[in-house]
Amino acid sequence: MKKWIWALPMFLLISCQQRPMQAEQKRVIETYIQAYNSFDVDGMVQHLHPSVVFKNITNGQTDLQTEGLPAFRQQAEQAKQYFSHRRQTITAWEFTGDTVTIEIDYEGQLAVDLPNGLRAGDTLRLSGQSVFVFEGDRIVALTDKS
């Protein structure tokens, strides 16, 4: 028992430091999701790093990537037109240092017809995950996977 007792203070110190960081990361992500669900682009970008990289991956293929805050904002503004309603619901959290992965359930009602045959009024339901990478208190990378 005495062999590991010296590690206890270090473990407690690290644990205490991680909790406030995780709480802040969680708050930032919840703010982002709430803004996303409300079509509030200003709210979505308020915690993004100026050089944020965004990727959307569908079935293992990257189908959209932006670099920088202006490109993210432009894409987010354009995406608003496709849905009359949308909701991401967080179902699980995983914290690993500067990276937070959330599992999500997504539901959106289309506002326009899409080339793949989906029509305005159709409801789209997906499960996936979003991976947020932080630099300090800012999101420097965001990858959505479905």
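Reply: Two strands are taken to pair if DSSP finds at least two bridges between them. The model discussed here is predicted. Under that criterion, six strands form an open sheet with mixed pairing, and their order is S2-S1-S6-S5-S4-S3. From one strand to the next, the twist averages 20°.

Helix H3 (residues 69-79) packs on this sheet, where it touches strand S1 (48-58), S2, S3 and strand S6 (138-145). The direction of helix H3 makes about 50° with that of S1.

The pairings of S4 can be described in turn. Strand S4 (residues 99-110) and strand S5 (residues 123-135) are antiparallel and pair over eleven bridges. Within this pairing, Val100 has Phe132 of S5 as its bridge partner. S3 and S4 also run antiparallel, joined by twelve bridges. There, Trp93 stands opposite Ile102 in S4. The hairpin of S3 and S4 has two residues between the strands, and Gly97 takes a positive phi near 60° in it. As a general point, side chains in a regular strand alternate between the two faces of the sheet.

Asn37 lies in helix H1 (residues 7-37). Its relative accessibility is 12%, and because buried means under 20%, Asn37 counts as buried. The side chain of Asn37 reaches the backbone nitrogen of Gln88 at 2.7 Å. If neighbours within four places in sequence are left aside, Asn37 is in contact with Arg86, Arg87 and Gln88.

The charged pairs complete the description. A search of the whole structure finds five salt bridges. Arg125 lies in strand S5 and Glu107 in strand S4, so the pair ties together parts that are 18 residues apart in sequence. With 58% relative accessibility, Arg125 counts as exposed, whereas Glu107, at 32%, counts as partly exposed.

Another salt bridge is formed by Lys80 with Glu77, where the closest N and O atoms are 3.2 Å apart. Lys80 has a relative accessible area of 27% and is partly exposed. Glu77 likewise counts as partly exposed, at 38% relative accessibility.

A further salt bridge joins Glu24 to Arg27, with the closest N and O atoms 2.7 Å apart. Both residues lie in helix H1, and the three residues that separate Glu24 and Arg27 correspond to about one turn of the helix. Glu24 counts as partly exposed at 30% relative accessibility, and Arg27 is partly exposed with a relative accessible area of 37%.

Notes
Residues numbered from 1 in each chain as written. Predicted model: local features only at pLDDT ≥ 70, side-chain atom pairs only at ≥ 80, totals over all residues. Heavy atoms only, no water. Helix = DSSP H or I, 4+ residues; strand = E, 2+ residues; numbered from the N terminus. Axes fitted to C-alpha atoms, helices over the stretch in contact; angles between N-to-C directions. Contact = heavy atoms within 4.5 Å. Buried < 20%, exposed > 50% of the residue type's maximum accessible area, 1.4 Å probe, protein only. Polar contact = N/O pair within 3.5 Å; in protein donor to acceptor, adjacent residues only side chain to side chain. Salt bridge = Lys/Arg side-chain N within 4 Å of Asp/Glu carboxyl O.
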